[in-house]
Amino acid sequence: MAVVGVSGRVRLGAVGAGWWATSNHFPIFAAREDVDLVGVCGIGPELEAVREQFGFGMATTDYDELLDQDLDAVVISTPHDLHHPQAVAAIDRGLHVLVEKPVTLHADQGWDLADRVRERGVHFLAPYGWNYKPFIVEAKRLVAAGHLGEIQHVLCHMASPTRGLFAGDTNHIRSLWDSKTSGPEPSTWQSPARGGGYAHGQVTHSSALLFWLSELRASSVMAKVSTGGAAVDLFDAAVITFDGGALGSLSGAATLPDGNPYQVDIRIFGTEGVLLLDTERERVSLHRYDGTRWDLDIEPGAGAYECIVPPNRFIDLIAGASTENNSDAVVAARSVELIDAMLRSAADGGVETTVHGETSVNQKEKTA
């Protein structure tokens with residue numbers, strides 16, 4: 001495992017220098033006094049300008065050359081289908097990794113990353129912004145305290161104004177985020193082979209939040225998707241059975257009108273109470289059957305999506321300033337394996353599809 005140098009600064013390399021990296025991650029890392037931006041790896045004519053803008057020490061189109069630098073950690077913000085081999089190369093060198101979501105496209109790859117992270121003892125963080133919102137962290141505390149009892153049923157819904165990202169002009173999403181950099185690469189978001197579509201692009205958020213809150217793991221799923229005339233799924237619907245027998249329903253839609261707040265609605269029904277979490281209307285309540293109630297006071301606007309805390313938390317984990325990882329490799333793998341099985345089920349006409357077979361080393365240790 002990489003050890004932070006004598007300067008006390010985290011030596012960071014970046015692979016991928018596109019829209020999201022340059023509009024979100026790089027400004028955050030560059031503003032920190034405890035981070036050295038050692039090098040950036042990418043393609044395209046803007047790479048040198050990115051290096052100069054954020055103060056990277058070097059720029060390269062060769063990932064191996066980047067990894068040969070004196071690094072503690074790597075942030076990976078490349079197209080979805082490249083995440084697994086790039087993360088493996090970094091983890092196997094003992095580097096800490098932040099991997100954009102979805103961290104992989106296939107269940108076996110997701111659990112492979114989780115197992116490698118455990119074996120090498122490195123930090124792995126998938127930057128799911130909602131998992132770090134203070135009111136959602138409080139919801140997690142209430143669930144972890146056992147106030148729901150045994151979970152019996154869940155609802156997980158997400159909708160967002162992302163039709164342009166998945167079915168039209170990817171610069172549309174850039175405009176929504178007021179980004180001055182180039183827009184998302186269409187081949188990433190509008191190609192089934194590269195993991196485009198609403199399930200991999202957005203349901204990854206809501207499912208990872210559900211799995212972090214509940215610690216459930218899906219065992220089988222029946223799913224249907226609809227493209228709405230696009231090349232990839234814009235609408236997703238699934239019925240899920242979880243390990244232990246709990247049932248769940250999941251839905252996703254890419255077609256909210258511009259200006260509408262993202263919808264993430266999670267409801268968890270247990271033997272002792274019910275949790276309601278709604279980012280759009282900014283509410284969290286946990287009501288128990290014995291009459292005990294928690295209704296959180298949430299600041300207006302707090303439900304809006306942002307991804308400021310996760311990159312900062314990644315550095316804090318490496319530097320020893322925090323031990324709280326709300327989106328680790330196990331949470332990410334549970335999301336990947338569900339979405340993988342959902343899309344396989346939909347391709348087979350909605351038949352019930354097994355989510356996981358042989359349990360990974362990580363999962364065996366977690367449930368032992």
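# A walk through the fold

Let's start where two helices meet: from α6, residues I136, V137, A139, K140 and V143 make contact (heavy atoms within 4.5 Å) with L209, W212 and L213 of α10. Of the residues in this contact between α6 and α10, 7 are nonpolar, none is polar and 1 is charged. Here Ala, Val, Leu, Ile, Met, Phe, Trp, Tyr, Cys and Pro count as nonpolar, Asp, Glu, Lys and Arg as charged, and the others, Gly among them, as polar. Before going on, keep in mind that this is a predicted model, in which local features need pLDDT of at least 70 and side-chain atom pairs count only at pLDDT 80 or more, while totals for chains, interfaces and linings use all residues. Residues are numbered from 1 along each chain as its sequence is written, and side-chain values use heavy atoms, with hydrogens and water left out.

Back to the helix pair. The axes of α6 (residues 134-144) and α10 come within 8 Å of each other and cross at roughly 40 degrees. Axes are lines fitted to C-alpha atoms, for helices over the stretch in contact, with angles from 0 to 180 degrees between N-to-C directions. That makes α6 and α10 oblique to each other; angles under 35 degrees count as roughly parallel, over 145 as roughly antiparallel, 65 to 115 as roughly perpendicular, and the rest as oblique. The helix and strand labels come from DSSP runs (H or I of at least four residues for helices, E of at least two for strands), numbered from the N terminus.

Now for the sheet. Its 9 strands form an open, mixed arrangement in the order β14-β13-β12-β11-β7-β10-β9-β8-β15. Two strands pair if DSSP finds at least two bridges between them. Strands β7 (residues 151-159) and β10 (residues 247-253) run parallel and are joined by 7 bridges; to find one of these on screen, look for H153, whose bridge partner in β10 is L247. Helix α12 (residues 329-347) lies across β8, β9 (235-242), β10 and β15, at about 55 degrees to β8.

Buried means under 20% relative accessible area, exposed over 50%, and partly exposed in between (1.4 Å probe, protein chains only).

Strand β1 also holds R11, a charged residue that counts as buried at 17% relative accessibility. What joins the side chains of R11 and D72? A polar contact of 2.5 Å does, a polar contact being a pair of N or O atoms within 3.5 Å; within protein, one must be able to donate a hydrogen and the other to accept it, and residues adjacent in sequence count only if both atoms are side-chain atoms. R11 and G39 are 28 residues apart in sequence, yet their C-alpha atoms are 9.1 Å apart in space.

Helix α11 (residues 309-319) is largely enclosed by the rest of the structure, because 8 of its 11 residues are buried. They are P310, P311, R313, F314, I315, D316, L317 and I318, and they pack against β1 (10-15), α1 (19-31), β2 (35-41), β4 (73-76), β5 and β6 (124-125). Just after α11, G320 takes a positive phi of about 85 degrees.

Next, find H83 in helix α4 (residues 83-92). Is H83 buried or exposed? With a relative accessible area of 0%, H83 is buried. Its side chain reaches the backbone oxygen of E100 at 3.2 Å. Leaving aside residues up to four places away in sequence, H83 touches I76, T78, V99, E100, K101, P102 and V103.

Two of those residues bring us to the backbone: the peptide bond from K101 to P102 is cis, with omega near -10 degrees. P102 lies in the loop between β5 (96-99) and α5 (107-120). Most residues other than glycine have a negative phi, and most peptide bonds are trans. E215, in the loop between α10 (198-214) and β8 (218-226), has a positive phi near 60 degrees. E282 also has a positive phi, of about 50 degrees, and lies in the loop between β12 (273-278) and β13 (283-288). With a relative accessible area of 22%, E282 is partly exposed.
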